[in-house]
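Here is a short tour of a two-chain model, written for someone who likes to see the numbers beside the picture. Please have a look at the sequence and the structure first.

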Amino acid sequence: MKKKPSFLRGKNGELSVLFLPGFLFFLVMSYIPMVGIIVAFKDYNLRKGIFGSEWVGFENLKFFFVSDTAWRVTRNTILYSFSYILMTLLVSLTLAILLNELTRRWVKIHQTVMFLPYFLSWVLVSYISNAFLDHQNGFLNAMLKSVGGQPVEWYFGAQYWPIILNLVHLWKAVGFNVLLYYAGIMGIDQSYYEAARIDGASKLQMALKITVPLLAPLVTILLILSIGGMFRGDFGLHYFIPNNTGLIYSTTDIIDTYVFRALRTIGDISMSAAVGFFQSVVGLVLVLFANMVVRKLNEENSLW
Amino acid sequence: MTTIHAAAGAAPEIPAARSAALDSRPIYRWLINALFIVVSACIFVPFLLVVVSSFSSEESILRHGYQFIPERWSLGAYRLVFQSPKILLRAYGVTIVVTVVGTALGLLLTAMTGWVLSRSDYRFNRQATFYVFFTMLFGGGLVPFYILMTQYLHLKDSLLAVIIPGLLSPFHIMVMKGFMSKIPFEMIESAKVDGASEMRIFFTMVLPLSTPALTTLGLTIAFNYWNEWFNAMLFIDTPNLATLQLLLVRMLSTIEYLTANTEFVKQLGIDVGQLPKYSVRMAMAILAAGPMLCIFPFFQRYFVSGLTLGSLKG
């Protein structure tokens with residue numbers, strides 16, 4: 001029998017072979033792009049390539065930060081993340097607690113319906129939102145006209161978008177999150193409720209004094225972790241739902257959509273990379289910070 | 001990326017019967033149920049608008065906009081799409097290929113990687129875990145990835161550009177690892193005493209034992225591939241390689257798409273000005289999303305159980 005090369009033999013060797021595809025995948029898809037981030041400090045030239053292009057230091061970042069865009073996209077990214085987190089939490093948690101009062105048959109029906117939007121991609125959601133918002137044919141404008149109002153040009157009015165985006169986000173996210181919290185409630189020991197009932201506690205008291213406190217650890221962890229991800233916006237939501245309309249960038253543009261546009265439409269590759277770099281670094285800091293807070297609260301729940 | 005938070009929800013299985021939560025006064029339950037019926041209706045109604053619009057006649061839409069009860073019902077939009085179904089069928093074909101290949105390969109790779117990370121007796125376990133895990137925390141961002149894929153790997157206009165990036169995700173690996181670390185180590189030990197190699201153990205013992213995790217993650221990966229549009233949008237320009245989602249992206253502005261895409265228009269054999277574009281657009285959305293939207297809900301519980309299968313720490 002032919003002898004295998006020595007590194008392939010033995011437990012560690014064989015396990016290394018099993019790990020090899022994963023190793024290569026992350027090397028090419030994650031680590032090499034991390035090296036490629038030097039583009040952010042160069043004046044990228046397609047013909048010269050990443051390594052041949054001229055170094056320009058922090059010029060690209062500077063160029064971004066002196067523009068109005070920097071403030072706009074950073075502000076939008078953070079504010080939207082914040083309101084998405086808060087809205088989803090409040091609505092989903094309330095609904096999950098209420099859902100717990102229903103019989104199983106109804107729980108199943110409502111859960112299935114509320115979960116439906118989860119299965120749609122943002123592209124498809126934009127078809128739906130467009131059916132409502134389209135200036136000429138949209139359902140909302142038809143309604144407004146039928147009651148004698150003036151049609152509204154939704155895609156041209158920046159002031160509408162914080163509400164629209166929050167609603168659309170909630171619509172898509174609520175089912176999944178209700179299910180998440182509902183599963184958490186299901187995990188609560190029933191004897192707490194039995195004891196409370198014997199003591200004559202009302203439903204509301206039980207919800208506020210038992211369910212909410214016992215869900216607090218789960219909620220805290222989810223909250224802090226989502227704060228760690230605050231600097232990563234939802235590209236699909238902010239690109240497709242506003243139809244990538246320039247007039248309303250002031251309230252719809254986030255870092256992710258800006259980076260995409262800078263790369264594909266504007267074609268300023270180096271600046272786009274610089275903004276991406278800024279996002280990655282702040283994102284890393286936020287995750288590290290979030291994890292530190294979790295560790296302080298409860299070591300069990302921290303990511304590492 | 002979006003899934004980091006999910007791991008913390010270490011929620012248990014839903015018990016079969018729940019008598020304790022039932023209030024003795026049914027009026028409360030009816031009020032709450034009424035509230036939920038309103039909520040569910042609000043969530044469902046947008047779907048209805050798209051479905052109804054796709055069955056509306058073009059004149060009704062032009063005159064009254066998209067409505068829940070159109071002036072005149074019509075199958076015209078569907079008839080038009082089915083007159084030359086080539087583009088739609090092709091997109092279905094491409095999407096199915098991407099999903100099947102990506103899921104099969106991705107699942108195998110996830111299992112292999114997850115298994116190695118779950119083996120605390122592996123000499124490089126710590127390093128390997130950090131190596132995978134760190135990619136969740138930091139990345140090069142879009143631009144280096146884009147340059148790598150197009151300039152160095154030359155994957156522009158190749159389906160590999162859609163398949164490869166979705167193969168592995170650190171989150172999926174962590175879920176898999178969490179599940180696999182519950183496989184009793186004595187079983188592995190005794191197989192080794194019998195002379196089985198690590199490869200053999202993995203393929204003949206670990207994989208069959210991990211069926212629950214494989215089902216859940218397989219569905220999640222398949223779902224992600226089916227709904228993938230980002231990489232397709234970045235890397236696929238050839239209409240022949242368009243996935244369903246990309247087709248929908250391109251169709252978003254139907255008129256621009258049709259005028260730019262003379263081949264499609266010629267296939268349809270009509271001039272662009274008279275095209276029933278509004279109802280067709282909705283019909284395309286239904287035909288592209290409908291079948292899956294009917295299938296996925298049956299697997300709903302797997303999407304949630306994926307969160308609870310394993311925790312990040314192991």
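A residue is called buried here if 20 or more other C-beta atoms lie within 10 Å of its own, exposed if 12 or fewer do, and partly exposed in between. By that count, 41% of the 314 residues of chain B are buried. Please keep in mind that this is a predicted model.

**The two chains**

Let us begin with the overall make-up of each chain.

| Item | Chain A | Chain B |
|---|---|---|
| Secondary structure | 14 helices, 2 strands | 17 helices, 0 strands |
| Buried residues | 44% of 304 residues | 41% of 314 residues |
| Contacts joining residues at least 24 apart, among those at least 6 apart in sequence | 66% | 73% |

Chain A has a radius of gyration of 25 Å, whereas a compact globule of 304 residues would come out near 19 Å. The C-alpha trace of chain A spans about 75 × 75 × 45 Å along its principal axes.

For chain B, the domain assignment gives domain 1 as residues 25-80 and domain 2 as residues 86-235. The C-alpha centres of these two domains of chain B are 39 Å apart.

**Where the chains meet**

How many residues of chain A are in contact with chain B? There are 79 of them, and they touch 81 residues of chain B. On the chain A side, helix α1 (residues 10-35) gives the most, with 15 residues. That side of chain A divides into 50 nonpolar, 22 polar and 7 charged residues.

**Helix α5 of chain B**

As a general point, an α-helix has 3.6 residues a turn, so residues three or four places apart point the same way.

Helix α5 of chain B covers residues 125-137. Its 13 residues reach 19 Å from the first C-alpha to the last, close to the 18 Å expected at 1.5 Å a residue. N125(B) also lies in this helix. Why does N125(B) count as partly exposed? It does so because it has 17 C-beta neighbours inside 10 Å, while 20 or more would be needed for a buried residue. Beyond its neighbours within four places in sequence, N125(B) is in contact with L117(B), R119(B) and S120(B).

**Helix α16 of chain B**

Helix α16 of chain B (residues 277-295) has 19 residues and reaches 28 Å between its first and last C-alpha atoms, close to the expected 27 Å. Where does this helix kink? A kink of about 45° lies at A289(B), shortly before the proline P291(B). A289(B) is also one of the buried residues of α16(B). Others in that list include Y278(B), R281(B), M282(B), M284(B) and I286(B).

**A loop residue for contrast**

Is D194(B) buried or exposed? D194(B) is exposed, because 9 other C-beta atoms lie within 10 Å and the limit for an exposed residue is 12 or fewer. This residue sits in the loop between α9 (185-193) and α10 (198-209) of chain B.

How values were computed. Residues are numbered from 1 along each chain as its sequence is written. Chains are lettered from A and ligands numbered from 1 in the order in which they are written. This is a predicted model: local features need pLDDT of at least 70, side-chain atom pairs count only at pLDDT 80 or more; totals for chains, interfaces and linings use all residues. Domain bounds come from an automatic or database domain assignment. Helices (H or I, at least four residues) and strands (E, at least two) are DSSP runs, numbered from the N terminus. Two residues are in contact if their C-beta atoms, placed from the backbone, lie within 7 Å. Ala, Val, Leu, Ile, Met, Phe, Trp, Tyr, Cys and Pro count as nonpolar, Asp, Glu, Lys and Arg as charged, and the others, Gly among them, as polar. The expected span of a helix is 1.5 Å times one less than its number of residues. The bend at a residue is the angle between axes fitted to the seven residues ending there and the seven starting there. The radius of gyration is taken over C-alpha atoms; the globule rule is 2.2 Å times the number of residues to the power 0.38.
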